[in-house]
Amino acid sequence: MPSIGAAFKRAVLAFGREAGRAGAWAGLLAIGLAAGAALQATAAPTAFLIAWPLLVACAGAALSAMGERRPLWVRLALVGLGVLGVGWLAGMVHAVYVNLDVPELLALLAWLTAFLIWPFAHPRIGGAGRITALLVLGAGLLLLVVVRLDPPWSERRPQASLVYYLVDQDARRAHVADAAPQPDPWTRRLLDSFASEPQPADATPVFREPLRGVPAPMVETSRPRLELSRADDQIVLTLAPPPGARTLVVDLRSPQAQTEVAVNGRPADLLQTPDQWSQVRWTGDPQGLRISFRSPADSGHLEVRYGAISDGWPAGAPPLPPRPEDVMAFQTSDSLIVRGTRRLSW
């Protein structure tokens, strides 16, 4: 077995030498295999993100002898496999971009595309390879400049806006709040019209992070129904959204771990850890839901944080100005959110 010193010498001697297409592609696939195995061992539900592109790339590598065999039918097969794999990854890129505020994850997906496009790279880093790299880099910079200076929004593809009328029923104060990662010009003008500096507006439990909001006139709103009772040696919490609400979100916390927790008769992983919040999100049914559990103590209490979303801007609130054609309401935008807290004892 070679010593560490000998291995280091070989690495130094190999540094800077030209890498062939086959060796480079094999090394990339080996790194992918190691990363996929690590994900399978530590976070199995996410391992498919690497496993599927790696499988398609390995099929291409087997057909082309790691990119060394280049007859026309092999090239066409590699193109087909590349289109299949990159097209699948493009769907993942779209999902990450739209749903997660973590653009750094896109770098991982760009790395995965290398599994599939590597056989089309130059066989060695020479003059042609450097020119191609510079052309690709220049095209990417040009695309960034165009996207930055030429807004892509139009009537056909409008920019999403996400604004709410947020009412804190405990503090009896209201905000017009923006939940978009970056406010569009229409939203900025809306917030500026209240002549107040934007401030963090607590929207838990509907949103985990505070929203960007400005103080607005308080409007009268209905509260959800929260009732605690005993039935058959169990504690029963009955919840129902306010009239007209489409969604009720409830955070629950207890100083004791509860057992046999069920939601509408079905076992649920709630209230299992003392002083830890558990969340239930209920949508659609105005009848609400029933949470039952057995308590280890004859007396105790639940801390409740609730939030309810109702369609439509509330009556009595300053009306929303009309949007331009290149801005649209997204998801539950233009809705009323009421939030508050309760402490229920038995």
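Student: Which residues of the largest nonpolar core touch the most other members?

Tutor: Of its 40 residues, Tyr165, Val176, Leu239 and Ile291 touch the most other members, where a nonpolar core is a set of buried Ala, Val, Leu, Ile, Met, Phe, Trp, Tyr and Cys residues joined through side-chain atoms within 4.5 Å, and buried means under 20% relative accessible area, exposed over 50% and partly exposed in between, with a 1.4 Å probe and protein chains only. This is a predicted model, in which local features need pLDDT of at least 70 and side-chain atom pairs count only at pLDDT 80 or more, whereas totals for chains, interfaces and linings use all residues. Residues are numbered from 1 along each chain as its sequence is written, and side-chain values use heavy atoms, with hydrogens and water left out.

Student: What is Leu239 in contact with?

Tutor: Leaving aside neighbours within four places in sequence, Leu239 is in contact (heavy atoms within 4.5 Å) with Arg225, Leu226, Leu248, Val250, Gln287, Gly288, Leu289 and Ile291. Another core, of 17 residues, lies apart from the largest one and has Leu28, Leu29, Leu109 and Leu116 among its members.

Student: Switching to helices, at what angle do helix 3 and helix 5 pack?

Tutor: Helix 3 (residues 48-64) and helix 5 (residues 105-117) pack at about 15°, with their axes 8 Å apart; the axes are lines fitted to C-alpha atoms over the stretch in contact, and angles run from 0 to 180 degrees between N-to-C directions. Helices here are DSSP runs of H or I with at least four residues, and strands are runs of E with at least two, numbered from the N terminus. That angle makes helix 3 roughly parallel to helix 5, since angles under 35 degrees count as roughly parallel.

Student: And which residues make the contact?

Tutor: Helix 3 contributes Leu49, Ile50, Pro53, Leu54, Val56 and Ala57, while helix 5 contributes Trp111, Leu112, Phe115 and Leu116.

Student: OK, backbone next: where is the cis peptide bond?

Tutor: The cis bond joins Thr204 and Pro205, with omega about 5°, and Pro205 is found in the loop between strand 4 (199-201) and strand 5 (211-216).

Student: What about phi of Asn264?

Tutor: Phi of Asn264 is near 50°, a positive value in a residue other than glycine, and Asn264 counts as partly exposed at 40% relative accessibility. Asp275, also not a glycine, has a positive phi of about 60°, and Asp275 lies in the loop between strand 10 and strand 11 (278-283). Most residues other than glycine have a negative phi, and most peptide bonds are trans.

Student: Last one: is Ser310 buried or exposed?

Tutor: Ser310 counts as buried, at 13% relative accessibility, and lies in strand 13 (residues 301-310).

How values were computed: Parallel < 35°, antiparallel > 145°, perpendicular 65-115°, else oblique.
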